[in-house]
Amino acid sequence: AEDGYRLWLRYDPLPQTSALLSSRQQITTFFIQGQSPTLAVLSRELSTGLSGLLNKEITITPAAATADIVISKSNNERLGTEGFSIITSTTGRRQIRISANTDVGLLYGAFHFLRLLQTGHPTSNLNITSKPGIRHRILNHWDNLDRYVERGYAGISIFNWHTLPGYIDKRYIDYARANASVGINGTVLTNVNANAYILTPDYLLKVKALADAFRPYGLKVYLTARFSAPMEMGGLKTADPLDADVKAWWNNKAKEIYQLIPDFGGFLVKANSEGQPGPQDYQRTHADGANMLADAVAPYNGIIMWRAFVYSHETPEDRFKQAYNEFKPLDGQFRKNVMVQVKNGPIDFQPREPFSPLFGAMPQTPVLMEFQLTQEYLGQGTHLAYEAPLFKEVLDADTYAKGKGSTVAKVINGSLYDHPLTGIAGVANIGNDINWCSHPFAQANWYALGRLAWNTALSSETIAEEWIKQTWSNNSKVVAVCKQMMLDSRETLVNYMTPLGLHHIMGNGHHYGPLPWGKSLPRADWNPVYYHRADKAGIGFNRTATGSNALAQYTPEAALLWRDSTTCDEKFLLWFHHISWQRPMHSGRSLWEELCYKYNEGVRGVKTMQQQWSSLQQYIDTERFSQVQQLLTIQYNDAVWWRDACLSYFSDISGLAIPAGYERPA
Ligand code: GCU
């Protein structure tokens, strides 16, 4: 019954007919050189994986010479600390040789080899070398200590603080396996809206238990630090980062943590944002705050990930501009072990955003990408939305910070400004649902984050194909149909929610359904009408020089893509321009007609997904087939709701009629 629990590590027998039959015949034994907790994990994974996939008994042999797979250390500078090579050697006995400089590199190599088998890749002629392009590949759990997950749509937290440290749930191990299988090497266990209790001795023992369980899988733990912890936990009167007692408190806390967890990763901090405490409470800067914590963890090689997701309610400034305005002037002021963590877009995880202008704008500071796997504004755990195309759109965007080709990916992987400290984070979509992520297809977003963090050059299509073959089936029809569904799903969602550059018009608070008419709220910039600015004349947010001029935060070359409303990429049009309803679009339709067309395309797109999925019934287990089918029905009804709500409202505002004949749910 628990079909979704196994994620992409299913290891069901490979089809007899495939080209893999030869690997089946050839692989019977493997040899692992050396011993360690990581190698023990590797050995277990390989036995389970191979015996499942090849459907026969696989044994470990003590003799390398007679093994079919040889796993051994190498001394190959090119592989770094996490890379691996997989080579089919044909000199003498035919062997598959997996090598790496470290145990965890070997583990990654073994997982990659299993992936090759699972996806039907021939193994007779392998010659692969692979190493991660980004050093810190991290999940951010927004999990609270009471197990409620902020923006979590897949049950409560997988971390059961009540039974820790005594009880190690099997799920922790499977979680670590899944992460290791895609190269994720860090996890922030707690919510950015942090609770200082996590830093108390009792909780730190629980954190240690998790760290010990995850360590063999190469997965480091991190925590969120509540800036006011010295007051809340330490009884100090201030949390001023320049205060000697405050510094001493954090130094001691770091020492205490590292005594328990010698490889503790460091802290993620949300400060002076949405009501969280921070250095500005003491007229200090974000750099002062980050540096104080950075100094505390530096003796142990810890890092600080300081979030740039800040916007203030005191200032009437376009929210789009605020993070850049605050952080850009601080470039050069951060310690070497600080990374500034920036959400992909300037507002907040919308279905489509232009890249944040901070990418490329802080040459002296390592900037870490924050993506959201949990689908806060993307239909939550209910809608099918494959996010790799969203991630790629941002990573491939050109900042022009050092001329053409200065892509966001190059900012993130450190190559543009030569930073050794690099990172990418995904806000986790994992909970204690049987299938981890609520929607069976949501697992793909977790998978994609890991794969892209390893190699930003992989295409959405390649990643989808790998994932489908491992998760659903190697059957060519299943692969083709699922891939099409996945690749189209994000654009479909954009169409029925926020086409043509609309953004943040979701219901306030839950961010699920449409609320274009807005409502009275304590902050103007939480109100959808603030973002779409529809009036009798037109719609959209003027962010050009005649408006908020947010465009000026981009390099002139990057801004050029959007500056002129007649040449602006229509996908981003209403992000930057207030456009007359009558304005002709590239299609020849007026803006109003185009908006109607796009919303309806979104609805049609979901209908198409339903038909595509139905065509796969005979190939998919009943349980997961029915789960996806039911969720798609909800998604279809929601798409109609979005279209009708938005178009009715905008029709009222514009005085223009909605075209007749749109399809309705039966
Ligand atoms: C969004 C989200 C919050 C979250 C915040 C953040 O605003 O709705 O729940 O805390 O982002 O990223 O800090």
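Predicted model: local features only at pLDDT ≥ 70, side-chain atom pairs only at ≥ 80, totals over all residues.
The chain is divided into three parts: domain 1 covers residues 3-130, domain 2 covers 136-471, and domain 3 is made up of 494-541 together with 578-654. Between the C-alpha centres of domain 1 and domain 3 the distance is 46 Å.

Strand E4, residues 84-89, has pairing partners in both E6 and E5. With E6, strand E4 pairs in the antiparallel sense, and four bridges are found between them. Within this pairing, Ile 86 has Ile 128 of E6 as its bridge partner. Strand E5, which spans residues 95-100, also runs antiparallel to E4, and the two are joined by five bridges. Here Ile 87 is placed opposite Arg 97 of E5. E4 and E5 form a hairpin with five residues between the strands. In this hairpin, Gly 92 adopts a positive phi near 75 degrees.

His 121 is placed in a loop, with helix H3 (103-118) on one side and strand E6 (127-130) on the other. His 121 counts as partly exposed because 17 C-beta neighbours are found inside 10 Å, whereas a buried residue would need 20 or more. In sequence, His 121 and Leu 223 are separated by 102 residues, and their C-alpha atoms are 39 Å apart in space.

Three residues, Glu 274, Asp 348 and Glu 376, carry the annotation "active site" in an unreviewed UniProt entry.

Glu 376 is buried, because 22 other C-beta atoms lie within 10 Å, and the threshold for a buried residue is 20 or more. When residues up to four places away in sequence are left out, Glu 376 touches Arg 151, Phe 349 and His 511.

Technical notes: Residues numbered from 1 in each chain as written. Buried ≥ 20, exposed ≤ 12 C-beta atoms within 10 Å, placed from the backbone. Domains from an automatic or database assignment. Pairing = 2+ DSSP bridges. UniProt positions renumbered as here; feature names shortened; annotations may be inferred. Contact = placed C-beta atoms within 7 Å.
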